[in-house]
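Here is a two-chain model to read through its definitions. Each label is set against its cut-off.

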Amino acid sequence: MNWRAIYAIYYFEMARAWRTVMQSIISPVISTSLYFVVFGAAIGSRIQQVDNVSYGAYIVPGLIMLTLLTQSIANASFGIYFPRFAGTIYEILSAPISFIEITVAYVGAAATKSILIGLIMLATASLFVPLQIQHPVWMVGFLVLTAVTFSLFGFIIGIWADGFEKLQLVPLLIVTPLTFLGGAFYSIDMLPPFWRGVSLFNPVVYLISGFRWSFFGQSDVGVEISLAMTLVFLAICLTAVWYVFKTGYRLKA
Amino acid sequence: MDEAGPDLYLAAMPPIISVENLSKTYATGLPALKSIDLSIDRGEIFALLGPNGAGKTTLISILCGIVTPSEGRASIDGHDIVRDYRAARALVGLVPQELTTDHFESVWSTTSFSRGLFGKPKDPAKIERILRDLSLWEKKDAQIRTLSGGMKRRVLIAKALAHEPRVLFLDEPTAGVDVGLRRDMWALVRGLRETGVTIILTTHYIEEAEEMADRVGVILGGEIILTEDKAALMAKLGQKQLTLQLAEPLGAVPPALAGHQLELADDGCSLVYTYDTQGDRTGITGLLTDLAAAGIHFKDLQTKQSSLEDIFVGLVGANR
């Protein structure tokens, strides 16, 4: 492994985050804090407890997951798309570095950033609502696994996209709706039976449910199923990346 | 050891780059390279000369690992560019044609990044020397977007040199570059060659090849139609012209001189004689004798060698 090259790319990506700290770290934290105020404080005060947890606390895991997903995708897709757009990718492609190392560096940096944002949000949320984490190891596990999986997904989008519009397309049209309908703000048990059934086809439901279980010990679906679904999605992303490597798809003519 | 010693020693070593039967057809069906064979010796400056779209950048991109070859093989210092890509690429630096830079990075950080990317340990002293050599030291903390085009070109060179490559590819290095920077660049290239770096530059400026190169390869329509020592190429294909400025204008070439390849120019004020430098007999003595016999006096004479440009235009013309 060319560790120095991995470190060079990783460091470059992290430096970019610090340079744009307002956009890449502070702004997602602020926008999520607004959700706390609106849903947690304003509306939440009129909602009864969900699963014996106050509504304000109940939405915390879902909100963190929502931000984790969107930030992972945004970071990783932009990280690889921009060099392609600007042409600086030539240097990466001409370096003595394998595709696997390139992926580890970009995906690692994107995942680090979104995990960092997730932890900042967790700290912020604990200022608003009393929080307890029943299974901290699982919590960290879900956090890392989700960040890596969706950074990988973002990386694939960044390679697939051939314009800034396409870069936004998947996050806006697919990921955001799935997250909002994935039970970030409610338990899917609150839905009518038909929509509850439909929700089970939404992969984000499993992520949020598993993550919430690590906090409160209660979940919409079994934690094993949540873990399995996350791993399945990870496997799908790894397969797609493997295909990109094998063919040089959109990276090498 | 006499002066030819080192050269003979270098010539005995296997070529640093060898390309066999290399072809590239892009997904669009465009055949960019057609079965190229090429070998480049250690320590030489090789100019790949050809018009736009001839395949110069494709060839370089394949050797650097940016484009996948459709067929054939290539190796750098014995390392296959596909199977043994790590060893091959570690030896190579590339200065691309386009000014592709990370706008928001500083000169220092982008150059250090390049060194790390190629797997070399940090060496601030080395980076400093490179930046000073390229007159970039004053700008080391400046964001790249604030630099002029010429300075950005220097940054790209600094990045390519950051990992101390043994082979340097310069793709159209002086396109859109002012005279000062062009001179600096040529001096830098010569300095690098002194340290044993092999340099391959592509250009469609003939004067650049003529000024810089030890050897010239002419590429046209994806094929290398010629590789030759620059001097030999110019001697082989070059023609010379002898211009005689006459004391009295002539209306036509006198019949006594009809046996020579003569043309009248300047309204009959000068005679132009074209001859081949490679010929055993240039025919100059005969011409001058015949001129004297015909009673034609001249007040001045000059000879002119055709430039690489004339040669190149001739070659391109012949192949079309």
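This is a predicted model: local features need pLDDT of at least 70, side-chain atom pairs count only at pLDDT 80 or more; totals for chains, interfaces and linings use all residues.

Residues are numbered from 1 along each chain as its sequence is written, with chains lettered from A and ligands numbered from 1 in the order in which they are written.

Q: Why is B:L168 called buried?
A: A residue is buried if 20 or more other C-beta atoms lie within 10 Å of its own, exposed if 12 or fewer, and partly exposed in between; C-beta atoms are placed from the backbone. B:L168 has 24 within 10 Å, so B:L168 is buried. Across chain B, 38% of the 320 residues count as buried.

Q: Which residues is B:L168 in contact with, leaving aside its neighbours within four places in sequence?
A: Contact needs C-beta atoms, placed from the backbone, within 7 Å. B:G93, B:A160, B:L192, B:V197 and B:I199 qualify.

Q: Where in the secondary structure does B:L168 lie?
A: Strand β7 of chain B, residues 167–171, holds B:L168. Strands are DSSP runs of E, at least two residues, and helices are runs of H or I, at least four, both numbered from the N terminus. By that count chain B has 11 helices and 14 strands.

Q: What makes up the side of chain B that touches chain A?
A: 26 residues of chain B are in contact with 21 residues of chain A. On the chain B side, α3 (85–90) and α4 (107–117) each supply at least two residues. By class, that side has 13 nonpolar, 7 polar and 6 charged residues. Nonpolar means Ala, Val, Leu, Ile, Met, Phe, Trp, Tyr, Cys and Pro; charged means Asp, Glu, Lys and Arg; the others, Gly among them, are polar.

Q: What is the handedness of the crossing of α3(A) and α6(A)?
A: The crossing is right-handed. A crossing is right-handed if the near helix is turned clockwise from the far one by less than a right angle, and left-handed if anticlockwise. The axes of α3 (residues 55–86) and α6 (residues 136–160) of chain A come within 7 Å and cross at roughly 40°. Axes are lines fitted to C-alpha atoms, for helices over the stretch in contact, with angles from 0 to 180 degrees between N-to-C directions.

Q: How far apart are the C-alpha centres of domain 1 and domain 2 of chain B?
A: They lie 42 Å apart. An automatic or database domain assignment sets the bounds: domain 1 is 13–235 and domain 2 is 238–319.

Technical notes. Two residues are in contact if their C-beta atoms, placed from the backbone, lie within 7 Å.
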